[in-house]
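The plan is to look things up one at a time and jot down what turns up.

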Amino acid sequence: MDTKIFLDANVLIDVVMNREPFVESSSKVLQMGVDGDCELWASDITMVTVSFYAKKNRTIEQLYEVMNNLRSLIHIASTGTAAIDWALKQGFHDFEDAVQYYAALHCGADYIISRNERDYPYSEIPVLSPLDYLNINNVE
């Protein structure tokens with residue numbers, strides 16, 4: 001069974017916006033998915049958030065090309081009513097992170113990959129930066 005990694009929005013935004021110095025490690029994590037070394041997951045909310053940033057410096061055609069390319073690599077974890085209701089009951093500091101965490105739990109993620117590891121202090125799923133994930137998998 002493939003390792004399922006749940007990608008936080010910041011990881012995908014690093015790639016589509018070519019944000020230095022993060023783009024290299026985030027791109028390598030995506031490449032691991034392309035190579036079949038892991039299964040990539042993100043929430044539907046993440047895809048919407050990424051599109052918001054991606055459209056800032058692209059035409060509509062370029063935006064859809066980027067989003068289609070991402071979609072071809074990434075499984076989508078739906079949020080919906082159950083995620084919202086669960087997050088409301090948790091009362092975590094950041095509501096959006098709670099919804100993301102619900103999505104990660106329900107897709108069976110083995111890891112959450114985020115540059116903001118501190119956003120998930122309650123996580124029972126290991127939360128790693130892209131660089132830390134690459135290091136534990138011996139990817140240079």
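What follows are my notes on the sheet, the helices, the loops and the pocket.

**Entry 1: what I'm looking at.** This is a predicted model, so I keep to local features with pLDDT of at least 70.

**Entry 2: the sheet.** I started with the strand order. I find five strands in an open sheet, ordered β3-β2-β1-β4-β5, with parallel pairing. At the edges I have β3, residues 75-77, and β5, residues 127-128, and each of them pairs on one side only.

**Entry 3: strand by strand.** Next I went through the bridges. Between β1 and β2 I get three bridges, and the two strands run parallel. The facing residues I noted there are I5 and L40, the latter in β2. On to β1 and β4: three bridges again, also parallel. Here F6 sits opposite I112 of β4. Then I moved out to β5. Strand β4 covers residues 111-113 and is joined to β5 by two bridges, running parallel. Which residue of β5 does I112 face? I112 stands opposite V127. I like I112 as a landmark, as I112 has F6 opposite and V127 in β5 opposite too.

**Entry 4: a helix over the sheet.** I looked up what α3 does. Helix α3 spans residues 44-54 and lies across β1, β2 and β3. For the strand ranges, I wrote down 4-7 for β1 and 39-43 for β2. The angle of α3 to β2 comes out at about 80°.

**Entry 5: α1, buried or exposed?** My list of the buried ones reads A9, N10, V11, L12, I13, D14 and V16. I note that N10 and D14 are on that list along with the likes of L12 and I13.

**Entry 6: the loop after α1.** I stepped past the end of α1 and landed on N18, with a positive phi near 55°. N18 is not a glycine, yet phi is positive. N18 belongs to the loop between α1 and α2. I kept going along that loop and reached P21, which lies in it as well. What is the peptide bond from E20 to P21, cis or trans? I get cis, with omega near 0°.

**Entry 7: another positive phi.** I went looking past α7 and found N138 in the segment after that helix. Phi of N138 is near 55°, positive in a residue other than glycine. How does N138 count for accessibility? N138 has 71% relative accessibility, and exposed means over 50%, so N138 counts as exposed.

**Entry 8: the largest pocket.** Last, I ran through the pocket. The largest one holds about 160 Å³ of space. Its lining has 13 residues, and P21, F22, S25, P130 and L131 are those nearest the centre. Which helices each supply at least two lining residues? They are α2, residues 23-34, and α7, residues 130-136. The largest share is from α7, with four residues. By class I wrote down six nonpolar, three polar and four charged residues in the lining.

Definitions and conventions. Residues numbered from 1 in each chain as written. Predicted model: local features only at pLDDT ≥ 70, side-chain atom pairs only at ≥ 80, totals over all residues. Heavy atoms only, no water. Pairing = 2+ DSSP bridges. Contact = heavy atoms within 4.5 Å. Axes fitted to C-alpha atoms, helices over the stretch in contact; angles between N-to-C directions. Buried < 20%, exposed > 50% of the residue type's maximum accessible area, 1.4 Å probe, protein only. 1 Å grid on protein atoms, 1.4 Å probe; cavity = no way out; pocket = protein on both sides within 12 Å on 5 of 7 lines; lining within 4 Å. Points joined across faces, edges and corners; volume = space filled by probe spheres on them. Nonpolar A, V, L, I, M, F, W, Y, C, P; charged D, E, K, R; others polar.
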